[in-house]
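Colleague: Hi! Could you walk me through the interfaces in this one?
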Amino acid sequence: MELGEIVSVLLQGAVVTIQIVAMALPLAALMAFVFGLIRLYAPAPFKQLAIVYIEFFRGTSALIQLYWIYFVLPFFGVSIDALTAGVLALGLNIGAYGTEVVRGAIQAVPKGQYEASVALNFSASQRLVYIILPQALVNMIPPFGNLSIELVKATSLVSLITIADLTFKAKSLADMTLQVGEIFGVVLVLYFAIAQCLSLFFRYLEKRLSRGLGRGGVN
Amino acid sequence: MIELTWDWAFVWQVLPMILSAAKVTLLATLLGSLLAVTVGLIFALLRRGPSKLIRIVVYWLMEFIRSTPLLIQIFFLYYVMPEFGISMSPLVTGVIALGVHYGAYLSEVFRSGIEGVDKGQWEASRALNLTTLDTYKDIILPQAIRPMIPATGNYIIAMFKETPQLSAITLLEMLQVAKIIGSENFRYLEPFTLVGVLYLCFSLLAAYSIHHIERRFPKEGFNLR
Amino acid sequence: MSQPIIEFKNVQKKFGDTTIFDGFNFRVEENEIVSIIGPSGSGKSTLLRILMTLEGIDGGYINVGGESLWHMLWNGAYVPASNKHLHKMRDQLGMVFQHFNLFPHMTVKRNITEAPMRVKGLSRQEAEKSAEELLELVGLSDKADSYPNDLSGGQKQRVGIARALAMRPSILLLDEITSALDPELVDEVLDVIRNLAKEQSFTMLLVTHEMYFAREISDRVCFFDNGNIVEEGKPEAIFTDPKETRTKAFLNAYLGQ
């Protein structure tokens, strides 16, 4: 097979990989914010629920979670297609790591900010929305950038439940043509390119957001 | 639809098989971490070395390894290396892939740990006319180790949790064994849940031990012999 | 005797095993300017922080404007204050902090207008008009659109004062507001407070290490040590003729006399 043909087949797989990232990333962000805030502010039973979610998804591995959702859930009568299972497993997994990012970033906002907002008589929700979160958001961007790269890497696992992503295409092309060197070389470069794009995007985002903080971080 | 209930008899039947596969998982983790620490240390020192070219090459190599999937790296080693006449068993392939992948992460940990040691220690060593090698070995590393323990431990736990990916090159670790049992018996619930619970237990235990080791470690560092 | 605007009655406060206040009593009259001086760790800042509801108390009562701060009457008995009660009580109080605590993600103008708009429900127009007046008062009209991190320490603190005043408090708490400033920036901040003190239109409680300033503007000076008022009185009396040995020792060490 010509290198051009190989690349064009692999690019189809890359599109699927990017689609999965595009679906799992918002899910992960949602989980991270919801459970991160619950973990910090909600009453005890909810907090414990959040801790169970976080510990479970961080303590076991992504591939096991993926298999569990894909192979075990159908036995409970929840029929789930491979793509949904993949997005769900990756979103929940990365989201669990994200809760710690959200929590850490909020806790890193200096205590004086909270005190000033109490002194100005803001309500608890106003303090969070107008004072704490806007500052915490900037702290969250770099670790979220790293997590998004972890997500891209983790999408390769969905090939093991038959989704035709970049890894799956590579593996089947390799089995078919035996041109393994070219194929896996191109695949590595493609993943690297996707990761670098994301990393650039997050760096841009960080710059944009910290400009609002008066160019100098938090005083 | 199959009425699904938790079957303890089935659990007891498959548990020994999964536990014996746990030995493979743990062995791969152990060897992988030894390799990762070695690779990490070498790369960390190279990134502080005198040659600018080497520093840049090592930086991009680390960046590349860290931002591409472990699974692809495993496939690469397993399928491409034989083209160059190097055939390795699934276990050896897995250990190398894990070791190099996490070595790339650890090199960052080691580098910032080494840079965290007070500059005055370097100056004092220069004043005492110690060689660079002796300074690293006797002065810098002993002091750098304690602050590195938590991050290093977390990466080793992370590595442990990625060992199921070795099932993709037919290594008979826990997940692969569970999958085989599942497909033979048409019951995935117990094997996959067992594997999940075992991973959770091992990770929690490891996290606890790391915390313990860090606390026991002398704050002033110790002599490397 | 008139009703005091602030009254501490037998207040207890602990941090873990450390007792800060053990049966502390204190009162401040309306429109009085009171300076609190004393060694660090003597509970001066804790006093202000308790009033601002940043710290709770472990016993006793505090009245602000004739109403209990940390308790409320419920079915004829005093119970711990609800958030709603605290919200109502905080309306009378404003605080300026040692480390400014400006909101770094908002312009100076926004720092001053945010709370009046969100908490008091002022329209943007009203809030901005008031902010302009306050910025003029503190001499920073040209900095309305700057961000806090572009200001000097003295400018930051003047914004801090304007921000507190924007909520129209009847009691202003000033917690070591010049301690974090370089010496040459202290006066521009103190001048603002001097002007406010002349107006005599609100109660001020300040914790300070600026002895000459305390002497100049206060109606009363309290020397604090170990969670107690060791000595209090007119500034002249305290600074020229202290009665207690601990006060003498402290002033000698501080003023180098």
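**Chains in contact**

Modeller: Happy to. Chain C and chain A bury about 2300 Å² between them, with carbon and sulfur atoms giving 57% of that area; buried area is the accessible area (1.4 Å probe) that two parts lose on being put together, summed over both.

Colleague: What should I know about the model and numbering?

Modeller: This is a predicted model, where local features need pLDDT of at least 70 and side-chain atom pairs count only at pLDDT 80 or more, while totals for chains, interfaces and linings use all residues. Residues are numbered from 1 along each chain as its sequence is written, chains are lettered from A and ligands numbered from 1 in the order in which they are written, and side-chain values use heavy atoms, with hydrogens and water left out.

Colleague: And what are the scores?

Modeller: The model has ipTM 0.90 and pTM 0.87. Chain C averages a pLDDT of 92, and 99% of its residues score at least 70; pLDDT is the predictor's confidence in each residue, from 0 to 100.

Colleague: Back to chain C and chain A: how many residues does the contact take from each?

Modeller: 26 residues come from chain C and 25 residues from chain A, with contact meaning heavy atoms within 4.5 Å.

Colleague: Which residues form a salt bridge there?

Modeller: E115(A) pairs with R49(C) in a salt bridge, and their closest N and O atoms are 2.7 Å apart.

Colleague: OK, switching to chain A and chain B. How many salt bridges does the rule find across that interface?

Modeller: Zero salt bridges between chain A and chain B. The buried area there is about 3400 Å², 77% of it on carbon and sulfur atoms. On the chain A side, F75(A), K153(A) and L188(A) lose the most area to chain B, together 20% of what that side buries.

Colleague: How many residues are in contact there?

Modeller: 37 residues of chain A touch 38 residues of chain B.

Colleague: Last topic: which transmembrane regions does UniProt list for chain B?

Modeller: The unreviewed UniProt entry lists residues 24-46, 58-81 and 192-210 of chain B; such annotations may be inferred rather than shown by experiment.

Colleague: How much helix is in residues 192-210?

Modeller: Residues 192-210 of chain B are 100% helix and 0% strand, with end C-alpha atoms 27 Å apart. Residues 58-81 of chain B are 83% helix and 0% strand, and their end C-alpha atoms lie 22 Å apart. Helices (H or I, at least four residues) and strands (E, at least two) are DSSP runs, numbered from the N terminus.

Terms used
A salt bridge is a side-chain nitrogen of Lys or Arg within 4 Å of a carboxyl oxygen of Asp or Glu.
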